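Good morning, and thank you for coming.

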Amino acid sequence: MAVTSPTVTPPTVASRASFKWLEGFPTIPVLILLTIAFVALFAELLAPYDPQVGTLSLRYRPPFWQTGGSMAHLLGTDHVGRDELSRLIFGARVSMIVGITAVMVAGTIGTVLGILSGYLGGWVDQVIMRIADAWLALPALTFAIFLAAIVGPSEFNIVIILGAVYWTRYARVIRGEVLSLKQREFVRLAVVAGCPKHVIMWRHILPNVINSAVVLGTLMLGVVIVTEAALSFLGVGVPPPKPAWGLMMSDGKQGLMVGHWWLTVLPGLCIMLMVLSANLLGDWLRVKLDPQLRQL
Amino acid sequence: MSQPLLSLEGVSTHYVSQQGTRVVRAVDDVTLSLGAGETLGIVGESGSGKSTLALTLMRLLPPAARIVSGRMMFEGEDLLTKSDGEMRQVRGKRIAMILQDPMASLNPLFSIGNQVGEPIRVHEHASSSSAWQRAVRLLKSVRIASPETRVSQFPHEMSGGMRQRIVGAIGISCEPRLLIADEPTTSLDLTIQAQYLNLLRDLQREHGLALIFITHNLGIVAKMCDQLAVMYAGRMVEHGPVSRIFSAPAHPYTKALLGSIPRMADGGERLTAIDGQPPDLANLPPGCAFAPRCPAVTTRCRAEAPPQFTLEPGRGARCWLAEPLSMRSSAA
């Protein structure tokens with residue numbers, strides 16, 4: 001313990017503090033997510049072709065490095081001759097928009113119900129939690145297909161469906177947090193000071209569960225994107241000809257056996273990278289924002 | 001004392017188990033009164049019903065607890081007949097409370113000014129800016145140095161003693177008539193304790209507050225309080241002016257409590273403790289609850305619970321030994 005290297009100069013408090021916060025920062029996942037977001041944002045500028053218009057004479061062109069491929073279509077073309085790269089670029093936009101808005105819808109519903117359930121307790125808690133239990137008992141994907149069959153496929157409907165399917169996870173986690181927050185002295189002080197319940201929930205409970213909601217949101221982003229892709233793959237998600245990664249995999253699957261591998265593998269790779277990155281970021285955030293894991 | 005600020009008459013609070021089979025008499029037939037500007041100390045062992053009594057006063061009992069009887073008159077109104085909404089108007093505005101752990105009583109996410117001003121905004125519907133101005137003045141009155149800068153800081157930037165004083169400022173923010181302090185100094189070290197107690201005394205004098213001090217520290221009672229109520233197993237076994245009780249305790253339990261304070265002068269003597277354990281509140285002995293531990297127990301004590309004997313105006317005890325001294329028996 002007593003042996004310290006004299007050559008190592010201790011970093012200043014300021015720099016140590018700023019680096020400490022970034023400890024274990026998932027650089028690569030964040031870069032991937034930023035790239036996808038950037039591509040989604042500037043799809044019109046980046047995509048070389050219109051993603052919805054193809055040239056039938058140029059169908060099933062392989063990527064440029066394979067024989068028969070050309071630099072004109074870097075990642076090849078699909079069954080109606082649409083440029084695969086352009087479709088992947090516009091597909092990123094669909095995944096981003098659907099993923100983020102669906103997580104926000106689920107998060108808002110779940111957080112509000114979780115706070116009401118945890119704070120008010122009694123019959124409110126019983127009703128909300130029994131509904132959540134019944135909800136969880138249904139397999140998420142089957143339930144989503146069922147809802148999609150009722151309301152019909154569209155991007156907006158997909159967002160609502162995913163929000164309606166996944167709010168239960170938020171509600172349960174947030175309710176648990178609220179139950180422990182309720183016992184905290186500052187909440188009791190607010191009660192003793194005569195604050196009405198809605199003021200306590202809004203001012204003292206909600207700001208203290210936002211951290212958990214954000215962490216859960218990043219973790220849920222992956223789940224939601226996969227579900228969206230699955231629904232699109234099954235034909236009840238984003239309606240064609242809009243390019244969505246799940247839909248592109250579905251379209252490409254009949255070509256898989258005859259060697260048109262790029263039509264399924266490339267969108268699949270995109271989904272995998274995005275989901276993995278979102279989960280790694282979520283894991284890091286959880287450790288950073290959770291005071292128990294932060295070991296203060 | 002024409003009309004006391006607060007008077008409790010035969011208040012009982014029971015915890016009832018879900019099946020209704022077990023009844024815990026946490027507060028049993030408590031009668032006491034407190035004048036404006038007076039200080040009442042409530043002492044007793046853990047589980048003697050002190051905190052439940054405080055929560056009864058605020059009507060903030062957990063769902064399993066019921067106030068089964070009694071009247072609680074506060075400024076001429078019975079608190080037990082008020083609706084929940086009316087009661088919320090009382091809490092924080094006319095009766096304020098300082099909790100057991102003031103260190104954790106501040107929300108880490110809001111600035112000090114925001115939290116000190118909260119009761120003012122809630123009860124007086126003051127604007128944020130005027131509540132903020134009031135918060136600065138309140139911080140000054142609890143002797144926070146440079147309140148103008150402190151008011152916009154956050155709880156983690158404060159020391160323990162400062163946070164404690166800020167909680168005190170929240171307590172007096174709406175100029176309440178009664179402040180209940182539930183063991184407010186247990187989490188503080190001794191020098192800060194003394195400072196805080198002095199501060200409470202000064203605030204009491206300046207604002208004409210009545211103070212109820214719940215503690216198990218008789219030293220604090222001697223320093224702070226005019227009146228003392230001793231609780232044992234949910235009952236108030238003795239009450240009266242502090243000086244009278246300290247000089248001549250009537251109840252053996254009070255005697256034992258006073259005897260268990262360590263004294264420097266005692267030299268090598270062993271500390272006296274009270275033998276035995278406090279009784280199970282769900283299964284009280286038929287007679288006096290203190291009988292199994294009482295050094296002066298008689299057969300009557302085991303068979304029959306003693307009523308409240310009035311020894312002199314404002315002083316009473318629940319003990320058969322006090323009967324010969326009581327005013328009622330001398331009048332009879």
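Let me begin with two helices of chain A: α5(A) passes α7(A) in a left-handed crossing. Please keep in mind that what you see is a predicted model.

How are these two helices placed? Helix α7 of chain A covers residues 155-182, and its axis lies 9 Å from that of α5(A), at an angle of about 135°. At this angle α5(A) and α7(A) are therefore oblique to each other.

Next, confidence. The mean pLDDT of chain A is 83, and 91% of its residues score at least 70. Where in chain A is confidence highest, and where is it lowest? The highest value, a mean of 92, belongs to helix α5 of chain A, residues 122-137, while the lowest, a mean of 50, belongs to helix α12 of chain A, residues 291-294. In residues 1-5 of chain A the pLDDT is below 50, and this stretch has zero contacts in the model beyond near neighbours in sequence.

I now turn to chain B. Here eight strands form an open sheet with mixed pairing, in the order β6-β7-β8-β3-β9-β10-β12-β11. At the edges stand β6 (95-98) and β11 (309-312) of chain B; each has a single partner strand, so one side of each is left without a neighbour in the sheet. From one strand to the next, the twist averages 20°.

β6(B) pairs with strand β7 of chain B, residues 178-182, in the parallel sense, over four bridges. Within this pairing, B:Ala96 has B:Leu179 in β7(B) as its bridge partner.

Finally, the two chains together. How many residues of each chain are in contact with the other? There are 20 from chain B and 15 from chain A. On the side of chain B that touches chain A, the elements giving two or more residues are α2 (84-90) and α4 (118-124) of chain B. The largest share, four residues, comes from α4(B). By class, this side of chain B has 10 nonpolar, five polar and five charged residues.

Thank you for your attention.

Terms used
Residues numbered from 1 in each chain as written. Chains lettered and ligands numbered in written order. Predicted model: local features only at pLDDT ≥ 70, side-chain atom pairs only at ≥ 80, totals over all residues. pLDDT = per-residue confidence, 0-100. Contact = placed C-beta atoms within 7 Å. Pairing = 2+ DSSP bridges. Axes fitted to C-alpha atoms, helices over the stretch in contact; angles between N-to-C directions. Nonpolar A, V, L, I, M, F, W, Y, C, P; charged D, E, K, R; others polar. Parallel < 35°, antiparallel > 145°, perpendicular 65-115°, else oblique. Left-handed = near helix turned anticlockwise from the far one by under 90°.
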